[in-house]
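User: I am new to this structure and would like to learn how to read it, one feature at a time. Could you take me through it slowly?

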Amino acid sequence: MSVFWVLVLLEWTAEAGSPTWYGRKEGLPQGQVTALEEDPDGFLWVGTYAGLVRFDGQQFEKWGPERGLSTGRVLDLASYEGKVYAATRQGLYFRDGERFRRIEPHPSAASSYAVSVAPSEHGLYAIQNGRLWREEAGQMQPVPAALDGGLTDVAVTRDGTVWVGGNPGVWRIAPDSKVTQLSAEPSTDVEADPLGGVWVGTRRGLFHSQGDHLVSRGTSVVARGALTSMWTSPEGVLWMSGAEGVASLDVARVERVVAQTDQLPHGAWAALVGREGNLIVGDDGNGLAIFPKPGIESYELSDRRPYAAGGFRQIGGADWIATLNRGLWRNEPGQPSVQIEGLPSIVWTVAEAGGRIWAATSDGLFEVKGDRAEVVPEVGSQGVLSLFEVDGRWFAGSDDLFALDGDRWRRIDLGQPWIFSHARAENGDLWLGVRDGLLRWDPRSEKVLLTLDSRDDLPDCSVYAVLPDEDGLLLATDVGLLRWISGSKAEFWGERAGLRGGSVNWVARAPDGRLWVGADEGVYVQESDRWRLIDEHDGLPDGETNVRAYFWRDGRLWAGTAGGWAIIDPLQIPKNLEPPRLSLEAWAGDQRLDWTRPVVLPHDGSPVRFRFHAVSIADSKGVVVRYRLVGHESAWVTATTREARYPKLPPGEYTFELIAGNDDDVWSEQRGWTFVVEPNWWERTWFRGLLGLVGLLALGGLHRVRTEWLVRQKRELEQVVADRTQALTQERERSDRLLQNILPAPIVESLKNTGRTESQTFADATILFTDFEGFTRTCAELPAEQLVHELNEIFAGFDAIARKHRLEKLKTIGDAYMAVAGVPVPNDTHPCDAVEAALEMQDWLESRNKRTARTPFGLRIGLHTGSVVAGVVGTWKFAYDIWGDAVNIAARMESAGEPGEVNVSAATWERVKDRFDGTPRGKRAVKGRGELEMFFVTRKQNSNRT
């Protein structure tokens with residue numbers, strides 16, 4: 001038995017986890033899945049009542065009339081020697097390259113209705129119109145006439161014996177054509193055993209061949225008297241699907257149910273185990289279900305309805321489960337789950353303190369008494385997010401901290417609301433994660449020793465979990481995983497190794513020392529130099545985690561998710577050892593390329609386009625694909641789409657290389673496809689030689705007569721070429737100037753060289769916003785033409801100032817002007833450059849207002865320094881723009897400013913305060929941001945403003 005199938009057999013010993021469903025909403029044409037087959041390229045072929053589709057783990061591709069296949073019902077699929085065979089209501093088909101071809105029925109056949117197909121080394125057999133047929137010379141021939149009518153399934157064993165079943169019973173046709181009826185019992189399915197036998201499903205149960213007899217193996221618990229399909233592994237493990245779900249029968253004839261009706265509402269019509277070890281099931285109504293490999297358990301309430309996990313405690317021999325949508329539940333061994341009455345639906349956690357049970361909820365703190373709960377009035381109705389114990393004392397985190405003294409809760413004013421988490425410092429102090437940062441608190445003196453927030457060493461964030469780590473702290477926050485060391489700024493941690501940005505809900509260290517992190521997309525585990533993501537494809541009830549996780553006494557991790565508790569054994573994490581399978585399609589212009597023979601392309605300027613697949617049915621979201629065109633580019637490109645385009649390749653030899661890895665960092669072998677772009681005919685050696693010979697003959701025979709004429713023609717031709725070349729050069733220079741006036745120079749160069757641009761992240765840039773005071777009133781007072789003239793004159797002045805100070809103008813919107821410093825070419829002086837430009841804009845506008853009799857304008861300017869993402873938006877009428885939270889803050893600085901002033905954020909002021917004078921404004925309320933600290937910058941230090 002191969003190692004792979006041994007692993008699969010050992011893993012599928014318990015009921016499968018929750019499947020990932022693919023139905024009509026995901027692109028499946030119809031919800032009734034009738035047949036499944038996996039081809040050598042890793043694609044999953046899915047037969048439905050509405051035709052055949054191919055699935056690569058991400059999307060369904062329908063194969064219909066345009067590929068030579070009917071759109072009728074597909075009843076059976078089989079794969080043999082790289083070909084896929086389909087039995088449909090319109091007949092038998094097999095895949096030939098990118099099309100399906102029909103196998104012609106016998107002229108005597110009344111119709112082509114096919115229900116079963118069995119390709120083998122002994123020939124292709126099929127059931128059509130209730131009869132058995134064999135392919136000969138591309139046409140189906142009847143075999144033999146004695147088996148007419150009522151047949152539904154066929155299988156061929158390795159010795160060439162043909163087995164058929166249906167309403168007439170079960171028949172065997174030996175290689176010498178001897179026909180034997182083994183049973184008159186109607187059968188529903190016949191499946192060849194790779195070890196040489198055959199399995200037969202009947203209304204009375206399951207049978208296996210033994211010589212000339214069928215021996216009963218009992219009734220499968222998933223069948224309700226009849227199996228819908230059977231499938232065997234290469235080592236003889238039998239998989240059965242029926243109305244009650246899916247079961248396996250191992251080589252020791254031990255049956256295990258792996259998926260039941262609560263997971264498959266309409267029963268299983270077809271099932272198989274894919275090459276990556278995942279159970280794939282076709283439901284008779286809901287579509288396609290892909291089950292994760294076993295290894296992650298789910299903790300379920302007795303009513304099995306979905307719940308979002310909150311806290312978990314074992315109190316008095318019972319499990320207490322706090323949920324974020326269904327209140328608080330008590331589970332006792334052998335008893336139904338009991339929901340505690342009197343509580344809101346959101347319960348964060350539960351604890352036993354002072355011999356009593358307390359529940360932290362969205363509506364305050366409650367005491368549980370029996371099967372009911374009563375609110376604790378001294379805490380109030382504000383939400384309580386945490387309950388924790390320190391040196392025998394219990395605390396509740398709400399809008400303030402509460403301590404349990406005896407039988408009453410006492411408020412402790414921390415000045416920081418919403419305590420999410422806590423961690424113990426070495427000297428006994430507590431680190432408290434709060435809504436706006438982090439506190440260090442002494443539980444003995446009940447004093448706050450240190451406050452860290454966006455004004456200090458932390459970004460603007462809420463701290464959901466705190467974990468001491470070497471000489472610092474790891475912080476799970478709503479902006480990512482941070483590492484903070486005393487005396488330094490907090491840094492984002494782990495993103496270079498694969499930990500994605502976004503909210504991190506908890507961080508914990510396993511007994512073996514590895515870090516585990518809960519995020520909005522799943523659970524990450526640290527493995528050597530990378531982070532591995534575990535999500536619903538690996539068996540989590542839901543990919544989104546909540547702000548609770550525990551390492552239990554047995555070393556297993558209990559992780560709260562939006563779909564309930566997941567129980568993960570760190571030593572038994574399911575791992576996909578199968579790399580994605582690669583396939584490639586390519587076009588030169590509208591011509592499809594055939595890689596089975598040497599590919600030579602003319603140099604006609606046609607773009608070359610590649611469409612590739614990296615197939616992983618188990619976890620398509622975790623697949624990473626990289627490609628490069630050797631001869632055109634040396635660096636690998638990480639694919640964001642399934643296509644790569646190369647316009648107007650010059651003559652030469654090229655190799656398109658492709659590689660892909662799955663979420664478990666298992667990579668495929670690198671594959672390459674080579675092609676040649678020929679030179680133009682006038683650039684080839686034979687043409688140049690011929691041209692030289694003709695020239696010599698012309699010089700020898702017609703020199704005297706045609707010399708003057710050739711010289712004149714040559715001059716005229718050179719003049720035409722020169723004129724056209726000059727016109728083309730002028731037009732190109734004009735286009736280049738126009739493009740450089742629209743986009744930054746580096747972006748223009750990228751577009752010219754590669755035909756595309758990639759978005760870039762700039763960790764440090766300064767954004768400038770301006771706006772005119774009372775512009776709406778000015779619009780009403782001035783004629784439209786005058787208003788536009790004035791705006792044009794002012795913005796032209798701003799443009800000159802921006803260029804002078806190395807700012808990149810982005811856009812004007814109405815009377816607003818936006819620019820950025822430090823983008824797209826990073827520099828260390830961008831905060832000062834932006835401030836100098838802002839001050840000069842105010843001076844310039846003030847001078848203009850004084851020297852003109854026209855309407856004076858009052859200008860507000862706001863600046864902020866932070867990280868942005870920059871890139872070109874759209875494919876028509878390009879626009880270079882920036883995005884990010886820093887842009888929003890800069891806009892708020894402008895709106896919170898005053899006419900004639902330059903208002904900057906604290907982040908910008910910290911960078912320029914050594915070179916400019918300023919006036920602190922304190923904290924000001926900002927829409928959508930709370931209170932932000934601001935400064936008016938007045939002038940350069942040791943200089944006078946002009």
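This is a predicted model: local features need pLDDT of at least 70, side-chain atom pairs count only at pLDDT 80 or more; totals for chains, interfaces and linings use all residues.

User: How many helices and strands does the protein chain have, and what share of its residues counts as buried?

Analyst: The protein chain has eight helices and 73 strands, and 51% of its 946 residues count as buried. Its C-alpha atoms fill a box of roughly 125 × 110 × 55 Å along the principal axes, while the accessible surface comes to about 44100 Å², with 49% of that area belonging to carbon and sulfur atoms. Among contacts between residues at least 6 apart in sequence, 51% join residues at least 24 apart.

User: Which residues touch the most other members in the largest nonpolar core?

Analyst: A nonpolar core is a set of buried residues joined through side-chain atoms. Here the largest such core has 34 residues, and those touching the most other members are Leu768, Phe772, Tyr817, Ile861 and Leu863. Several elements each supply at least two residues of this core, including strand E66 (760-773), helix H5 (784-804), helix H6 (830-851) and strand E69 (858-873). The largest share, eight residues, comes from H6.

User: With which residues is phenylalanine 772 in contact, leaving aside its neighbours within four places in sequence?

Analyst: Phenylalanine 772 is in contact with Leu791, Ile794, Phe795, Asp815, Leu845, Phe857, Gly858, Leu859 and Arg860, once those neighbours are left aside.

User: What can I learn from a residue in a strand, such as valine 162?

Analyst: Valine 162 lies in strand E15, which covers residues 162-166, and with a relative accessible area of 2% this residue is buried. Beyond its neighbours within four places in sequence, valine 162 is in contact with Tyr125, Leu132, Val154, Ala155, Val156, Trp171, Arg172 and Ile173. Separation can be read in two ways: valine 162 and alanine 50 are 112 residues apart in sequence, and 30 Å apart in space, C-alpha to C-alpha.

User: Is serine 112, in the loop between strand E9 and strand E10, buried or exposed?

Analyst: Serine 112 is found between strand E9 (99-103) and strand E10 (114-120), and its relative accessible area of 14% means that it counts as buried. Leaving aside neighbours within four places in sequence, its contacts include Thr88, Arg89, Gln90, Arg102 and Gln128.

User: Which residues form the nonpolar patch on the surface?

Analyst: The patch is formed by Trp681, Trp682, Trp686, Leu690, Leu693, Val694 and Leu697, which together have about 790 Å² of accessible area. One of its members, tryptophan 681, is in the loop between strand E65 (671-677) and helix H2 (685-742). Tryptophan 681 counts as partly exposed, because its relative accessibility is 47%, and partly exposed is the class between buried and exposed, with exposed set at over 50%.

Note on methods:
Residues are numbered from 1 along each chain as its sequence is written. Side-chain values use heavy atoms; hydrogens and water are left out. Patches are made of residues with over 30% relative accessible area and no salt bridge: like charges are joined within 9 Å, nonpolar side chains (Val, Leu, Ile, Met, Phe, Trp, Tyr) within 5 Å. Accessible areas come from the Shrake-Rupley method with a 1.4 Å probe; for residues, only the protein chains shown count as cover. A salt bridge is a side-chain nitrogen of Lys or Arg within 4 Å of a carboxyl oxygen of Asp or Glu. Helices (H or I, at least four residues) and strands (E, at least two) are DSSP runs, numbered from the N terminus. Buried means under 20% relative accessible area, exposed over 50%, partly exposed in between (1.4 Å probe, protein chains only). A nonpolar core is a set of buried Ala, Val, Leu, Ile, Met, Phe, Trp, Tyr and Cys residues joined through side-chain atoms within 4.5 Å. Contact means heavy atoms within 4.5 Å.
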